[in-house]
Amino acid sequence: MFSDLRSWSESESPIRLGIFGSPVAHSLSPQMQNAALKQCKIDMEYARFEIAPNELRDALNLVRELNFVGINLTVPHKIAAIELMDGVDNSARRIGAVNTVKIEKGKSHGFNTDGRGFSRAIREEFSVDLRDMRVLVLGAGGAARAIAMQCAKENCERLVIVNRTVEKGKKLVEELHDFFAGPKVLGPVPRLQAIPWEESAIRFQVGNIDLIANATPLGLNRADASPIPARLLAPHLMIYDTIYSDKRTPFVSAALEAGARGANGLSMLLHQGALAFEIWFEREAPLDVMRKALL
Ligand code: NDP
């Protein structure tokens with residue numbers, strides 16, 4: 001609740017960083033960022049704040065007044081926050097969402113570290129670079145847009161967007177068109193396309209794809225089915241589920257069942273957080289300590 005932020009501000013703890021979300025109780029960012037602050041001997045604390053959508057504007061004003069160093073934003077604030085910033089970096093503007101706010105001299109600056117966090121996670125999990133990949137992204141919301149933009153920037157070989165609302169996928173593809181103007185892959189399949197979320201359309205793509213990233217909430221609930229069933233997957237695929245968990249997510253289980261490699265979103269959480277730390281403090285983040293704090 002927003003009242004949390006008011007009372008926290010009066011507490012003796014030097015809370016100067018935090019995450020705004022709703023719900024936010026499950027967030028692992030505090031344990032990861034507090035471990036980093038401690039390791040770097042920075043005398044501040046990072047807290048979680050349950051902020052409703054209609055409280056976001058006031059909450060951002062308050063952290064500016066309280067000389068916070070920065071804020072992370074999670075569901076449902078990433079898109080709404082963009083209009084509330086004093087400045088927004090180009091990449092966050094293009095994605096249309098902010099996940100990291102830096103406060104300097106009473107002004108807020110919006111960034112988005114999800115795309116670069118994803119890229120680092122893929123390198124860490126599968127020892128490959130996005131530029132060599134034919135990528136299929138499930139979703140066209142905030143996380144999917146960050147991932148798709150990053151794939152485009154890194155000049156991946158192919159990019160296919162699969163979204164429940166196909167129009168949203170098509171819009172994203174239009175925005176990325178210029179990145180894929182050159183010929184790169186030989187063969188009959190287009191370098192960039194949006195397809196409907198249908199079994200036959202997905203089955204057709206699998207032979208021309210290396211990496212599938214789930215950027216939908218499917219799997220947040222452990223009773224959810226895998227966003228793509230194991231029978232449509234194949235052993236050559238790398239499966240990355242942005243949903244994080246200390247257990248196998250339904251999508252990772254489906255990958256393993258199909259003989260493919262799979263990883264969940266903990267590594268993306270780690271790297272987007274490390275990049276946020278670097279934006280706030282302009283120094284390298286203690287990655288190993290942050291990783292350990294997530295285990
Ligand atoms: P958004 O609400 O912006 O987007 C949600 C997307 O999922 C939309 O494309 C939506 O499709 C699709 N979707 C929602 N429900 C369903 C469904 N039942 N079936 C099929 N598609 C569905 O959310 P975000 O992009 O911000 O977040 C998505 C997920 O990414 C989160 O669940 C979170 O776990 C994960 N994430 C992980 C991070 C990490 O560091 N590991 C960082 C950021 C996000 P439609 O357009 O049709 O509505």
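Predicted model: local features only at pLDDT ≥ 70, side-chain atom pairs only at ≥ 80, totals over all residues.
Figure 1. Residues are numbered from 1 along each chain as its sequence is written, and side-chain values use heavy atoms, with hydrogens and water left out.

Figure 2. S108, which is found in β6, is buried at a relative accessible area of 2%; buried means under 20% relative accessible area, exposed over 50%, and partly exposed in between (1.4 Å probe, protein chains only). Leaving aside residues up to four places away in sequence, S108 touches R64, L84, M85, D86, G87, V101 and K102, a contact being heavy atoms within 4.5 Å.

**Figure 3. The parallel pair β8 and β9.** Strand β8 (residues 158–163) pairs with β9 in the parallel sense, over five bridges, and within this pairing V160 has Q193 of β9 as its bridge partner. Strand β9 (residues 192–196) is mostly covered, with four of its five residues buried.

Figure 4. In α11 (residues 287–294), the buried residues are M290, A293 and L294. Viewed down the axis of α11, these buried residues fall within an arc of 100 degrees, so they line one face of the helix, the arc being that of the directions from the helix axis to the C-beta atoms. The exposed residues D288 and K292 are carried by the face of α11 turned away from its buried side. The buried residues of α11 pack against α2 (29–39) and α10. In α2, the buried residues are S29, P30, M32, Q33, A35, A36 and L37, and they pack against β1 (15–21), β2, β3, α10 and α11.

Figure 5. The largest pocket has a volume of about 1200 Å³. On a 1 Å grid over the protein atoms alone, a pocket is an open set of points with protein on both sides within 12 Å along at least five of seven lines, whereas a cavity is a set of points where a 1.4 Å probe fits but cannot get out; lining residues have an atom within 4 Å of a point. Grid points are joined across faces, edges and corners, and a volume is the space filled by probe spheres set on the points. The lining of the largest pocket comprises 38 residues, of which T74, V75, K78, A143 and T242 lie nearest the centre. At least two lining residues come from each of β3 (70–73), α6 (142–153) and α10 (266–281), and α10 supplies the largest share, three residues.

**Figure 6. The second largest pocket.** The second largest pocket holds about 190 Å³ of space. Its lining consists of 17 residues, and S91, A92, I95, N112 and K153 lie nearest its centre. Two or more lining residues come from each of α4 (90–95), α5 (114–126) and α6, and α4 gives the most, with five residues.

Figure 7. Most residues other than glycine have a negative phi, and most peptide bonds are trans. A cis peptide bond joins S22 and P23, with omega about 5 degrees, and P23 is placed in the loop between β1 and α2. The bond from V75 to P76 is also cis, with omega near 5 degrees, and P76 is found in the loop between β3 and β4. K41, although not a glycine, has a positive phi of about 55 degrees; K41 lies in the loop between α2 and β2 and counts as exposed at 76% relative accessibility. K105, also not a glycine, has a positive phi of about 50 degrees; K105 is in the loop between β5 (100–104) and β6 and counts as exposed at 85% relative accessibility.

How values were computed. Pairing = 2+ DSSP bridges.
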